[in-house]
Amino acid sequence: MQTSAPVVVVAILFFAALLLPVVRRFSAAAVYPIALAAGAAAAAVSLWQASLVIRTGGPLVSWLGGWEPPWGIEFRVDHLGAIMSPLVTVVSLIVLVFARRNLGERLERRSHFFYSLYLLFTMGLVGFVQTGDLFNLYVFLEVIALTGYALVAAGEPRAPFAAFRYMILGTLAASFYLLGLAYLYGLTGSLNFVDVAARLAEHQDTRTAFVALAFLLVGFGIKAALFPLHAWLPDTYSYSPSVTVAFMAAVGTKIGAYGIFRVLYTVYEIGTHRQHLPVTEVMGILAAVAIVVGSILAIAQTDLNRMLAYSSVSQIGYVLLGFSLVNSAGITGGVLHVLNHAFMKSSLFMVTGAIVSRLGHGDLRRFGELGRQMPVAMATFTVAALSMVGLPPTAGFFSKWYLVVGAIQAGKWPYVVVILASSLLNAVYFFRVLESAYFTRRLDPTSAYEHVAAIRPLPLSVTAPLGVTAIAILLLGLGSWPLVEHVVRFIVPAGL
Amino acid sequence: METLLAYRPLWIVLVTPIAAALIVASDRRPNLRESWTILASVVQALLVASMLPAVLAGEDFELTLLPLASGFDLVLRVDPLGMTFALVASILWVVTSVYSIGYMRALDEKHQTGYYASFAVCIFATMGLAFSANPLTFLVFYEVLTIATYPLVAHKRTPEAVRAGRKYLAYTLSAGLAMLLAVGWIQTLIPAPSFRPGGFLDTSIAPPATLVVLFVLLMLGVGVKAGVMPLHAWLPTAMIAPTPVSALLHAVAVVKAGVFGVLRVTGFVFGADTMREIGVHLPLATIAAFTIVVSSVIALSQDNLKRRLAYSTVSQLSYIVLGAALLSAAGLTASVIHIANHAFMKITLFFVAGAVYAHLHVEKVSEMKGIGRAMPWTMGAFTVGAVGIAGIPPLPGFVSKWWLGIGALQAEGIVFLLVLVVSALLNVLYLFPIAWQAFFGKSERFTRYDEARLALAVPPVLTAAASIVLGIAPAIGPRFWDLAQRVTASVLGGGS
């Protein structure tokens, strides 16, 4: 059905982002409310359009400038878009609330630039998951990348270096994508997802099509931080401002996973119109390795931020493992995990930000008595951690459930073992944090007590977003079936 | 009113999480906080008891709450086996609540709010398990039980307690994964499995080899909590927990959840015919027999009273497993009835161990000489429990053993009869001397009457009295005998 809603979401964010530096000239106090209002409006519209997709059962399309596809650029929100677009805007809004008191003094002085970039970043992500055009996808990819580098570089002194590394790899990723896209364009003469998919049928199994696929996947693989293309991620997450990382960790790597899904299942129609290609096999193996290696590296960390960063490397493996199974349960598990992990990780990174802001460090061996000093933060952390381990009734359990079932159905027993073993590894490093926060006393008895007493209670602008994510994790768990039945079921390509 | 009554299983399950929330909310007011515990336990026990007549009349309560995944809803069903477990746990929770308050206050323990809240969540999971109608519901509550028990095991916050908590988690989380794999696998074999008397898996659904693997996985899952050797090692270690925890959770709820699971798997997933066909019953019986004898022998050498009781628990639990594995009517009846009998006797023993420790700081068997002179009531209760566990008439241990013996004969397993005799002998050896020395041993220390406070002394006397009643008249009161008969009839009578 034709609607302008997808364009509206992007436009709201875009114009608000442009407006902020101007507004700053007249009133510094108005900057944040405007940013928040834009975030809320974008979230509201994208939630509304998601409900529309569910009600009408079909994709929402808007043709930019009235040009019909395949000539014009098309925004196309199908069931996957109906999950991804609200995911981006809602998490963006939650983190925006969290940002109010967590930017830090240095950023606070130039908060208008930060919020402006933040909204542009959000806009890039929303556009990315809503567009139906391969080249437009590239444009948004670059918007995400450029604003992302800036958001990362705004962090502590070592952040610019991390951002530089991220930029090099990000540019590489974009180049790979562009190359792949060029091949595809040469082959089919079209850029629209649906149109390309239809035209590819003639060129089935040509070497060009295959090479293009490989380029596209490597490009998105870097963006998704799929092992061994994950090198940019740990530093980026460790040194960015806590606000950036809480949002970026939630959705940043997911766009890579989203891109991979689009390439595999929307454009190449693997499993339905095309036989299994070896690429999914390779991706599955890499994902399995990522799951294990990421977890092991996470165990080796003593800094909470870095631990969570490596955990992200492992978790993206779950998503891509699910996509690589090429069956219904696997894809369901992968898509659910995109959603679940976004809430878990933003929750965990927000807690980490709050902890670092209070303790001045993120050394997880020195969290003694934190459970009592920061009850809301640690309770949220506990919920998110249980979900990461995959314990019912949290969301993480259900994505794991579908992944296990999918792997069994595909007869991929090594993957079953990997998924289950990784649960235990997750338990090792998350329970270590819980143990430290709830069951140990402070290590340093001299400085301890005054310092402990000096922990200021968290403001509502921090506890509220934390509470929301914790509740979301529980609801996504208990409500996973309605979600699967009404949305995810339609994301799985018909015939799988 | 009708609808309210129809939802009774849900109310029973929900009483406890509500109590947990109220407990946390009343953090600063201990008396109010403890009233919630008492109130919830009494309400729950009454609710469970109110369903007994209907269950005995053969009525079926089934309640579909919400869908979890395709083919699996969260379903509560009240059947005789679940009723047995729920009755035992809810009745004993009332007694334990009173005892907990006495114990925690006598020792002036810290973190009591967390303690009572976790305790309530454990009972929640236990009730959920008892009423789980299908494997996935079972798994959900099983994992909740694991997580809620962990803080109780590590309650003391000492390095030793934290290590015990880790060990507990390592065992139980691995078990949960084995079960997850099995349940996921089952889901790929049959669309909507649910526990059925006589089992729902047979060789027409999957080849025998697959069924054997599934059986092993499920047994690994439930066997850890049931303390079946060699999966029992967490249990003695977990005795570091406060005694009421050991009493209710490690003698009643957690370990009984394990053996309850064994009964569910053997009787309601596989069924006697399938188990015979795939030949897993004898190996299971052999492992159980081995556990019975070996853990009794180990119990002999333990000087720490709670550890000795822990090994005794390991041994007694395997009676239940053995009864289930014999696949004979008398054996299964003995199994079910032993859930109740052992619970009442063992909780008495643990109550006494805790009272002795809280009141006189005695925790070793060798220090208990003459202690009966100081605490005649509690040690009297201990004697009753000891006699009962050893299986001497008229106490309930005798009833279970007698029928278990007959069950062994019915199954033509003379060897197992021998095991029972040897074990009875060993039970006498490791428990009798304690009681004997308590009353007749010479001691300088215990010369005058010095009974523990009422909250500590009354519960063991009550449960001891209850044990005697159960032994003399198993058919009155909660009518465990009738329930057991019904379970046997439904499971071995070819299904209902």
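The helices named on this tour are DSSP runs of H or I with at least four residues, and the strands are E runs of at least two, both numbered from the N terminus. The model itself is a predicted one.

Begin by selecting A:Glu369, which sits in the loop between α14 and α15 (370-373) of chain A. Its phi is near 65°, a positive value in a residue other than glycine.

Next, move to A:Val326, in the loop between α13 (304-324) and α14 (328-359) of chain A. This residue, although not a glycine, also has a positive phi, of about 50°. With 23 C-beta neighbours inside 10 Å, A:Val326 counts as buried.

From here, turn to the peptide bonds, and select A:Pro69 together with A:Pro70, where the bond from the former to the latter is cis, with omega near 5°. A:Pro70 belongs to the loop between β1 (60-63) and β2 (74-77) of chain A.

For the last stop, select A:Pro392 and A:Pro393, which are joined by a cis peptide bond with omega of about 5°; A:Pro393 is placed in the loop between α16 (375-389) and α17 (395-409) of chain A.

As background to these stops, most residues other than glycine have a negative phi, and most peptide bonds are trans.

Technical notes. Residues are numbered from 1 along each chain as its sequence is written. Chains are lettered from A and ligands numbered from 1 in the order in which they are written. This is a predicted model: local features need pLDDT of at least 70, side-chain atom pairs count only at pLDDT 80 or more; totals for chains, interfaces and linings use all residues. A residue is buried if 20 or more other C-beta atoms lie within 10 Å of its own, exposed if 12 or fewer, and partly exposed in between; C-beta atoms are placed from the backbone.
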